[in-house]
Amino acid sequence: MEFKSSDDFLKNESFVNYCLGIDQQDIDFWKNYAVQHPEQLEHMNEAADLLKDLQLLLLAEKLKPEAVSTLRAHLRPKRRKSIFPWKYATAAAAVLILLASAVFLFYPSHPVPNPPELAKYSTRQYVYESGVNERKAINLWDGSFVILDKGAKLVIDSSFGQSDRKMYLSGIAYFKVAKDKQHPFKVYTGKYVTTAVGTAFKLQTDQGLKKLKVELEEGKVTVEKKNGNSWNLVATLHPKESISLDDQLHLPVHQKFYDKDFSQWKIQEVVFQNAPMKEVLLQLEIYYNVKITVEDSVVMRETFNGKFRHDALPSVMEMVCFSLNKQFKFIDSNHIIIY
């Protein structure tokens, strides 16, 4: 099918499945489609934002099939002209009432949780900022994960996913980069750029972007400094190496860093608000460098609320499993099973 407008995306059942989070195959397909077709991002963004703004992103497994079918029927406009949000007002109200009725009728004791935040596809720059007193966890649409420390700011470049994955950082952030050899992951901090393909690392800059500290947890990164119109290689880092750079100093400072200190920084504050269990477990794997296996797939339909500060992994798992009415055990120091 050829997509010429946001209407065309709304007519596509697979795209609606993706927005509703119904089918993992559709979700994976459209994430990849967005990366491969950046010229369509604006239309995708309009269609997805319309669904989100109308509060129609309800989890499909919590609704009766009839309600989902009715939702799709209302999302398939009969006219070919471009459809704007205000023209959906009457239909949207009817669908919302129907969906709300379905939820209360069939699931009176299990309120529908807030849907996970949809990735922002846009041909414009997109800005993430963490508060002065809180950190922010971000799932990027390429599969990468970012922890923005307090007061940090991350700007995603409009060309993200075309020839590379470009962004700009001020403050402190941790990156768990999804592997993609065709699209290097580049983080610009003032005169410096840190490049990775599939890696986990932490960047720390000062307010004036005059200083940079890079700590590499896994994989490999290169650090370059701008010199006129060219970039000069400063260092190539390997796991457990760090480098400190300062515009006032001529030589960079290389050193090893301690896993314990690095891990403690990652888990200093972990917050989940109505988060899907799949997202919760994925983030815990990243925060604590472990693998978590779930024996009962029904668990993935649940959501979780919790706030942890420097908590040991067993304590966190006890809280998560208590909410699921499940148990857990360590197979070894890096592998946990929920059963």
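In which loop does S130 lie? S130 sits in the loop that joins β1 (126-129) to β2 (136-139), where strands are DSSP runs of E with at least two residues and helices are runs of H or I with at least four, numbered from the N terminus. The model is predicted, so that local features need pLDDT of at least 70 and side-chain atom pairs count only at pLDDT 80 or more, while totals for chains, interfaces and linings use all residues. Residues are numbered from 1 along each chain as its sequence is written, and side-chain values use heavy atoms, with hydrogens and water left out.

**Around S130**

With a relative accessibility of 10%, S130 counts as buried, a term that means under 20% relative accessible area, whereas exposed means over 50% (1.4 Å probe, protein chains only). Its contacts (heavy atoms within 4.5 Å) include L148 and D149.

| Backbone nitrogen | Distance to S130 side chain |
|---|---|
| G151 | 3.2 Å |
| A152 | 3.0 Å |

**Helix α9**

Helix α9 (residues 313-324) has twelve residues and spans 16 Å from its first C-alpha to its last, close to the 16 Å expected at 1.5 Å a residue. Its buried residues are L313, V316, M317, V320, C321 and L324; seen down the axis of α9, they fall within an arc of 125°, so they line one face of the helix. The face turned away from that buried side carries the exposed residues E318 and F322. Among the elements covering the buried residues of α9 are α8 (277-288) and β17 (303-308), and N325, which follows the helix, has a positive phi near 60°.

Terms used
The expected span of a helix is 1.5 Å times one less than its number of residues. The arc is that of the directions from the helix axis to the C-beta atoms. A polar contact is a pair of N or O atoms within 3.5 Å; within protein, one must be able to donate a hydrogen and the other to accept it, and residues adjacent in sequence count only if both atoms are side-chain atoms. Lists of a residue's contacts leave out its neighbours within four places in sequence.
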